[in-house]
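Okay, thanks for coming, everyone.

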Amino acid sequence: MSASAPGTTFIVLMLPFLAALIAPWLTRRLGHNAAWLLALAPVAIFIHFLGFSADVADGGVVTGGFQWVPSYNVSFSWLIDGLSLTFALLISGIGALIILYSGGYLKGHDQLGRFFSFMLLFMGAMLGVVISDSFLMLFVYWELTSITSFLLIGFDHAREASRRAAIQALVVTGGGGLALLAGLLVIWNITGVSQVSLLLNYGDELRGSPFYLLALLLVLGGAFSKSAQFPLHFWLPNAMEAPTPVSAYLHSATMVKAGVYLLMRLNPVLGDTVWWGTILPVFGGTTLIVGTALAIRQTDLKLMLAYTTVSSLGLLVMLTGFGSEHAIAAAVLYLVAHSLFKGGLFMVAGLIDHEAGTRDVTRLGGLRRAMPVTFVAALAAAISMAGLPPFLGFLAKEEIYYALWHTDPWSLAFVAVAVIGNGLMFVIGFAVALKPFLGPEVKTPKHAHEGPVLLWLGPLTLGIAALVAALISPVTHRFISSPMASAIAGEAETVTISVIPHMGPALILSLVTIAFGIIAYRMLDRLRAGMAWLLAAIGWGPDRGFDQFISGAVRLSVAVTRLVQPGRLDIYMTVTFLMIAAALIGPMAWYGEWPAMPVWPEDAQFHELVVAAIVLIGLAAVIYARDRLTAIVSLGIQGFAVALIFMLFGAPDLSFTQFMVETLAVVILALVMTRLKLHASDHRPTLQKVVDMSVAIACGGGFTLYLLSVTQQPFNTALSDFFSAYSKVVAHGANVVNVIIVDFRGTDTLGEIAVVMVTGLAILSLIRIRTPRATVADNDPDRRAAQGPAQGREVR
Amino acid sequence: MRTVIFRSIAPYLTSLMVLFSIFVLLRGHNEPGGGFIGGLIAASALAIYGIACGVAPVRRAIYFHPMAIAAFGLFMSAMAGVLSIFAGVPYMSGLWIYPHLFGVEIPLSSVLVFDVGVYLVVVGAISSIALALEERDRD
């Protein structure tokens, strides 16, 4: 391990956030051309990480960072190995192209600066996810990607579909993030380490733990929601409401791979168990088939691509689940290839949409003459996606079949899944890349011509990259595939596959796939109609389930609010006092520790008896008072008597305060009563009187018993001794009570006066707010929608 | 409540009570008293004045909005703790100075500043509630 250039790496990690900060300003100055300058940030990041590649290719691991919260052993630290390096290069490399593409795609949009800002924020967050060594840092960045994804999906916030998709994505991926946090905490608890780089030594301990399954399921909850695995896949196609650069970057090339990244990262410690080897392939395989089947159904270019992204993620999860040497190599190659071709195809789809005005595949055709460069870029990406030589996708597919080909039924089932999935992806790839360009020219909403350089630079570069990476496969393997595969496997591995086909089962399976793909491509319209019929027959899907879940949650919270906040003060008071009585009496009854009853004091002085009599008279006056005002004043009598008792027993401070509090309480209560416009005297039905009396007696009795049992405990004088000994010496004050309040426990008092102040504010606003008909019903969304916008509460 | 006698006496009574509250506040460190009790006394003084003469004269007399007084008190108390930064001791440590005024040694401390803050919070918060309640509905 070497810890080189920690300062530079930290600055590089912060660079996207800084760029996000200046992006709006820069865009106001330069318009869409700000993209050229902003793209320098990801380019700088790319170059910085490229500098690690030689080191990492030789099996090196670069770590760095600093302490964040040392007392909890939380650090801000990063780990650069083959896995994180490949991801970082993809994020920054594709990120640079996407920033340029965004400049062209949203040229003239009045919120372009904000868009750049969000994109760069996301880039910083995503980079943080893959570079993080510390668990908590990983989690923070993970949730930050969810939040930036929410902002980007909802970028066009005036449309309801965008808002719904944004909230859906946030709920699913953010909720998954919480599961991930729980999972990481469980792992932290089992192993006692909070850093990925240290975790590798604890694999056996983790797998042997009784909490292994819990940790695994929680982590999978995070990974599956982020990487859109069935049945949580529905948010990803809906996220296509975002502008196309977002779909290309977040929802195909990078963010959705965060889940796969997590699985790959934890493969050495969580993998190689029956659970891992069953859950991942089953869910991954299901996602692969469901994704491609749903993709066939679509006619919108972006939605077709979105569903194949779902299936590609399924394929990656499936391969990670197998965990064999070839499976990992296949996952690595496919992940890189997918980022290149799918990012490119999305950009092509956006380009067609931008130039032709539609992305409905049935309304497009014959664009090859108008948009030749786009056609070349699309073709390159589609060939890679279809897994044809000489592109990177071919290497990936060959390696997939190598990995899967065994002759037991379990493996054969997955071979079949992979063949069908790849075949259908072949279909979709060419449907996106060929249908709009070939055939007779179709009249499109806009007259199509080649887009500006900002738009075609990205897809073309990615296509060329996929070609070059395959042609110079030994270099690719040395710097990218082998280090990454080694990091996933947790031991040194070498990837050797080259673009020259060898005879063997893998090649035969490839040929089968291609044959299946060609047949399916010719029957595409019939397959689409069939899928449409099937989906209509099923009728229900997770997407509708999500809506039902949300409306159910809203209905539940309305019901709970109605239950606990009925809006009636007498119910609140009764519940509060019942709780107090229960808290006082409950523990004594539970443990049977009743206090001994007090005996009549023999040496009671006359004046003490008089004070006690005043208390009783005050009490009787409260109960038998004719009107409310008299009752309030009588309550004051009783309070004054208590203050007298405090005075007699040597607590002048307490007594003073009690006098003042009683006075003010009487004044304020009287004022409140005059404002409430109640009937002057108190009329309650007998039943209500009995209930209120019981509650009052329970509370009063509870307090009496409680005080009795407290005073019967031996008094620990340590604190009072300390205070009386040091009050004068340390704090220069003879009044111990006041010294405690303002000096020894000054910070407590600061908190208390803050509470006094906030309570005052709250009461003031309650007095000032006039509530004509504020009931719970006003907060009921159903009813409010029916009544139209709620009347604003008038503030006087 | 607005009898002539009460209205004539109330200003004097209030002044005396406010004066007394400041006395109680300042002697609090060694004798029974302190910011909290002082604040309560001052708040009841203002309440009496309000009951006797109406809310508007009280608001004129205290000049600032009572909530602003409370907020200033909270700020003052918090700052009294911050003073200890300059002495290099932990937050809220008591600091003392002993200036001589007219030949008399007067012990002053950050603790006293804190206590005055407590006083202001209590006066402000309680009298803002009381005054708001005393104000009649205008509609």
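So, the second largest pocket holds about 1000 Å³ of space. A pocket here, on a 1 Å grid over the protein atoms alone, is an open set of points where a 1.4 Å probe fits, with protein on both sides within 12 Å along at least five of seven lines, and lining residues have an atom within 4 Å of a point. Of the 41 lining residues, the closest to the centre are Pro237(A), Asn238(A), Leu303(A), Tyr307(A) and Asp543(A). The largest share of that lining, 4 residues, is from α24(A); helices are DSSP runs of H or I, at least four residues, numbered from the N terminus. By type, the lining splits into 22 nonpolar, 9 polar and 10 charged.

Keep in mind this is a predicted model, where local features need pLDDT of at least 70 and side-chain atom pairs pLDDT 80 or more, while totals for chains, interfaces and linings use all residues. Residues are numbered from 1 along each chain as its sequence is written, chains are lettered from A and ligands numbered from 1 in the order written, and side-chain values use heavy atoms, leaving out hydrogens and water.

Now the interface. In chain A, 41 residues are in contact (heavy atoms within 4.5 Å) with 45 of chain B. How many salt bridges, a Lys or Arg side-chain nitrogen within 4 Å of an Asp or Glu carboxyl oxygen, does the rule find across it? The rule finds 0. On chain A's side, α33(A) gives the most, 14 residues, and the residues there divide into 23 nonpolar, 10 polar and 8 charged.

Note on methods. Grid points are joined across faces, edges and corners, and a volume is the space filled by probe spheres set on the points. Helices (H or I, at least four residues) and strands (E, at least two) are DSSP runs, numbered from the N terminus. Ala, Val, Leu, Ile, Met, Phe, Trp, Tyr, Cys and Pro count as nonpolar, Asp, Glu, Lys and Arg as charged, and the others, Gly among them, as polar.
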